[in-house]
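Please read the following note alongside the coordinates.

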Amino acid sequence: MKVIIAGAGSVGRYMAGQLVLGGHEVTLLDQDPNVLSRHAALAAGVNWAQGDGCEIDTLARIGAADADVVAAVTGDDEDNLVISLLAKQEFGVPRVVARVNNPNNEWMFTDMWGVDVSVSTPHLLTGLVEEAVSVGSFVRLLTLAQGKARLAEVTLADNSPALGQEISRLGLPRESTIVAVLRTSQVVVPRGDTVLHAGDEVMVLVTGESEPDVRRILVG
Amino acid sequence: MTAHPDLVEIASAIPRRRIVIEGQVVRMRARPTSGQPSLAVTISDATGSATAVWTGRRAIGGVTLGRRLRVEGVATLVGSQLEFTNPSYTLLP
């Protein structure tokens, strides 16, 4: 895939390195020529470009018209939104990924601004902390498909109504699915006849409407 | 008004390239996008149809059913339909 990453900070540089290892064609864009000269040697195989991603001309010059993915991961939410909007509106980029720096801005990172997927580090961290401290509660980990679906995690408590039951008999709504069960550090691929036990970490994909039902079935 | 030099027929329009199309408004829809208003206007020429989506608004002055419109921008394929996001537009007589 052809990937453009705007913002060559630690996030952008790491992504570029990983994606090149994955065999992708990566262009890393940053405004600051010093960043480029300091780090260019570190990530072999990455195309480095200097310029302002908030300008159409810059994006055109580095090939946004043919890019499969644009990732706006600068440290500035305003820039990330402008880059996302231009990528979608002016170049029709199929997948636009944006980094949310300040979680208060997350509500704007939607398809209104051309964003297909947004990633908010503070939000993710909060979810992971909640997960670490909470047995028996329903923890949202990740939002997918512009908020229509969510990945959530429940560690089953001793009083969960789902204990000892086969997954197919739980009566989960059609708009939800158990995607994995983590049991004593093993990943159990869930099947209809998989029986849930106390302490199981159940990863479940839900849509907005089905979440209360799933919560009731797994948490009580 | 003379034809625009970059004008293409809708059926031969290439996705993800800057194009100009002209046609008649055959459908208008207020379509919420992530809870915000947006207006989807489908225009049709003799060869096919394409949809222009303007975000953040429910109506555009002068854009009404039956109106002839020139739309300039980059379109992508959404399903089988060409769709522009916030393209430039000109009301045609």
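1. Some terms come first. Two residues are in contact if their C-beta atoms, placed from the backbone, lie within 7 Å. Helices (H or I, at least four residues) and strands (E, at least two) are DSSP runs, numbered from the N terminus. Axes are lines fitted to C-alpha atoms, for helices over the stretch in contact, and angles run from 0 to 180 degrees between N-to-C directions.

2. The model is predicted: local features need pLDDT of at least 70, side-chain atom pairs count only at pLDDT 80 or more, and totals for chains, interfaces and linings use all residues. Residues are numbered from 1 along each chain as its sequence is written, while chains are lettered from A and ligands numbered from 1 in the order in which they are written.

3. Chain A as a whole. Chain A contains six helices and eleven strands, and its C-alpha atoms fill a box of roughly 60 × 35 × 30 Å along the principal axes. Of its 220 residues, 35% count as buried; a residue is buried if 20 or more other C-beta atoms lie within 10 Å of its own, exposed if 12 or fewer, and partly exposed in between, with C-beta atoms placed from the backbone. Among contacts in chain A between residues at least 6 apart in sequence, 56% join residues at least 24 apart.

4. Domains. Chain A is assigned domain 1 (2-119) and domain 2 (134-218), where the bounds come from an automatic or database domain assignment. The centres of domain 1 of chain A and domain 2 of chain A, taken over C-alpha atoms, are separated by 34 Å.

5. The parallel sheet. An open sheet of six strands in chain A has the order β3-β2-β1-β4-β5-β6, with parallel pairing; two strands pair if DSSP finds at least two bridges between them. Strands β3 and β6 (117-120) of chain A stand at the edges, each with a single partner strand, so one side of each has no neighbour in the sheet. The twist from one strand to the next averages 20°.

6. Strands β1 (residues 2-6) and β2 (residues 25-30) of chain A run parallel and are joined by five bridges; A:Val3 has A:Val26 as its bridge partner in β2(A). Between these strands the chain passes through helix α1 (residues 10-21) of chain A, and this β-α-β crossover is right-handed, meaning that, with the strands pointing away from the viewer, the path from the first strand over the helix to the second runs clockwise. On one side, β2(A) pairs in the parallel sense with strand β3 (residues 47-50) of chain A over four bridges, and A:Thr27 stands opposite A:Asn47 in β3(A).

7. Helix α1(A) lies across β1, β2, β4 and β5 (95-100) of chain A, at about 165° to β2(A). Helix α4 (residues 77-91) of chain A lies across β1, β4 and β5 of chain A and runs at about 175° to β5(A).

8. The antiparallel sheet. A further open sheet of chain A, of five strands, has the order β7-β8-β11-β9-β10 with antiparallel pairing. Its edges are β7 (138-144) and β10 (186-188) of chain A, each with a single partner strand, so one side of each is left without a neighbour in the sheet. Neighbouring strands are turned by 25° against each other on average, direction ignored. Strands β9 (residues 176-183) and β11 (residues 201-207) of chain A run antiparallel and are joined by six bridges, with A:Val181 opposite A:Val202 in β11(A). Helix α6 (residues 211-218) of chain A packs on this sheet and touches β7, β8 (149-155), β9 and β11 of chain A; its direction makes about 160° with that of β11(A).

9. Residues of chain B. B:Tyr89 lies in strand β6 (residues 88-92) of chain B and is partly exposed because it has 19 C-beta neighbours inside 10 Å. Leaving aside neighbours within four places in sequence, B:Tyr89 is in contact with B:Ala52, B:Leu69, B:Arg70 and B:Val71. B:Asn86, in the loop between β5 (81-85) and β6 of chain B, has phi near 45°, a positive value in a residue other than glycine.
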